[in-house]
Number of protein chains: 2
Amino acid sequence: MDGHCIGIVGGLGPYAGLDLVRKIFDSTRAAHDQDHARVMLHSFPGDIPVRPEFLLGLTDVNPGHAIGEVMAGLARAGADIIAMPCNTAHSPRILDVALERLRAENGHIRFIHIIEAALSQVRRIAQPGARVGLMGTVATLRTRLYQDALEHAGFTPVILDDGSCQTVQDAISHDEYGIKAASSPVTPRARHMLLRAVEQLAGMGMDVLLLGCTEIPLALTESAYFGIPAVDATRALARELVQACIPDRLTQE
Amino acid sequence: MDGHCIGIVGGLGPYAGLDLVRKIFDSTRAAHDQDHARVMLHSFPGDIPVRPEFLLGLTDVNPGHAIGEVMAGLARAGADIIAMPCNTAHSPRILDVALERLRAENGHIRFIHIIEAALSQVRRIAQPGARVGLMGTVATLRTRLYQDALEHAGFTPVILDDGSCQTVQDAISHDEYGIKAASSPVTPRARHMLLRAVEQLAGMGMDVLLLGCTEIPLALTESAYFGIPAVDATRALARELVQACIPDRLTQE
């Protein structure tokens, strides 16, 4: 029971949680079961109210409280490194409440932030001033989670118009064809809608594509589109987690 | 926080744990995140000694003790239904020790047994007396886990000769090309070796193919081979878990 233990707040959505765990394993050099990190995934989707509705002012129930309870449970079960594969839930109005609960449970847990992980990856592959095409939920874009971080780091965010942002949102969360309703496999309609959005961003001029919603890489799995390299925030987070937990086993890029 | 919570003993191997969680989600009718079951996966591969070596008498360290600790941790974290996606570890010499530890922690946890889940699925699709081609680790076959259960249920197990069983074992656990060393994706060599074994079993005459090792369905993902239906023990277990947790949301077969 020595060494670190990664705790994942799952269920936001369930398949995005699985995708992060898979990318942790995929980022590990391993010939035997025992070479892999200790990982816990707690996927309690029914406990956690919807995030966009809170951020967009449609409900007063802050999902940060329920997320904080999941984090506290992971800490009690032995996690010393925690992450959450949901970009929208990293909005400070949600995350600060969750981390406050976590700190009350245990002040020594390291939280690895998906936006920072994605930004580190953008820095690795792009020059200062590069144009970064951004895809995410409407709530993530409205709260400027990525825009502020990118601008602060000297990059230029490129964002679709409102109608196209809503198209991306529908590809993620539509009750019938959205990724949250059909993840395994994703519907061709959702994938097509996302690819059209990528094409629009490419037309606006971008040097890097940033997939800033953990549902999107369930549909867009390639490492580049139209010759433009893609940064998958989930994969960037997975690599930071392996680096924090078992750095000597992190795979080469 | 109402309702059941499924706890999965992961890490045996890590990708097999993920595969079970994925098949739980895939077996759930869901349009929203919140429609999915509460699931915990605790993947602590480094804590759990290798299973075949113990069953084949190469070590005295019974992995059941470490598995029992993982089960007890899942129970403390709130699981009331527990399962373990590793057929070999269901050998009574290992499982009995693990369940004794779990019962000491909490006597009210329901354990869902992968061999029983697979057997229920065989019963659903095959007539009494049917010939069931069996693929698994050498240790699973030597301990007659499936053979005894199948014969007791009135089926005839069909087993490869020792050389071919070793080939299947190598496809699972070889340091370079085995599924445990390369799961994502599986190597063509491992898949080819398993397909050749299936072909041999088909040549011996079988009505059903039973994939009795949780690594095998990472390589053999089809529902039938040479026109013979395949029972994937991991998928059978996933369906039993959804049935136990949120029966009204179990998908149609």
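Let me start with the elements around the second largest pocket of this predicted model, where helix H3 (64-76) of chain A, together with strand E2 (39-43) and helix H3 (64-76) of chain B, each supply at least two residues of the lining. Which element gives the largest share of that lining? It is H3(B), with six residues. The whole lining of this second largest pocket comes to 29 residues, and those nearest its centre are Gly73(A), Arg76(A), Ala77(A), Gly73(B) and Ala77(B). The space in the second largest pocket is about 530 Å³, and by class its lining divides into 14 nonpolar, seven polar and eight charged residues.

Turning now to the largest pocket, its volume is about 1200 Å³, and 48 residues line it. Nearest to the centre of the largest pocket we find Asp19(A) and Arg22(A) from chain A, along with Asp19(B), Arg22(B) and Ser184(B) from chain B. As for the classes in the lining of the largest pocket, 22 residues are nonpolar, nine are polar and 17 are charged.

With residues of both chains in view, the next topic is how the two copies are related. In general, two copies of a chain are related by a rotation about an axis and a shift along it. Here, a rotation of 180° with 0.0 Å of shift along its axis superposes chain A on chain B, with an RMSD of 0.0 Å, and that is the relation of a two-fold axis. Which residue of chain A comes closest to the rotation axis? It is Leu41(A), whose C-alpha lies at 2.5 Å from that axis.

That brings me to the interface itself, in which 38 residues from chain A and 38 residues from chain B take part in the contact. Because 100% of the interface residues of chain A are also interface residues in chain B, the copies meet through the same surface. Between them, chain A and chain B bury about 3300 Å², and 52% of this area is on carbon and sulfur atoms.

Finally, a word on charged pairs: how many salt bridges does the rule find across the interface of chain A and chain B? It finds six. As a pair to look at on the screen, the side chains of Lys180(A) and Asp33(B) meet in a salt bridge, at 2.7 Å from N to O.

Technical notes: Residues are numbered from 1 along each chain as its sequence is written. Chains are lettered from A and ligands numbered from 1 in the order in which they are written. This is a predicted model: local features need pLDDT of at least 70, side-chain atom pairs count only at pLDDT 80 or more; totals for chains, interfaces and linings use all residues. Side-chain values use heavy atoms; hydrogens and water are left out. On a 1 Å grid over the protein atoms alone, a cavity is a set of points where a 1.4 Å probe fits but cannot get out, and a pocket is an open set with protein on both sides within 12 Å along at least five of seven lines; lining residues have an atom within 4 Å of a point. Grid points are joined across faces, edges and corners, and a volume is the space filled by probe spheres set on the points. Ala, Val, Leu, Ile, Met, Phe, Trp, Tyr, Cys and Pro count as nonpolar, Asp, Glu, Lys and Arg as charged, and the others, Gly among them, as polar. Helices (H or I, at least four residues) and strands (E, at least two) are DSSP runs, numbered from the N terminus. Copies are superposed by least squares on the C-alpha atoms of residues with pLDDT of at least 70 in both. Contact means heavy atoms within 4.5 Å. Buried area is the accessible area (1.4 Å probe) that two parts lose on being put together, summed over both. A salt bridge is a side-chain nitrogen of Lys or Arg within 4 Å of a carboxyl oxygen of Asp or Glu.
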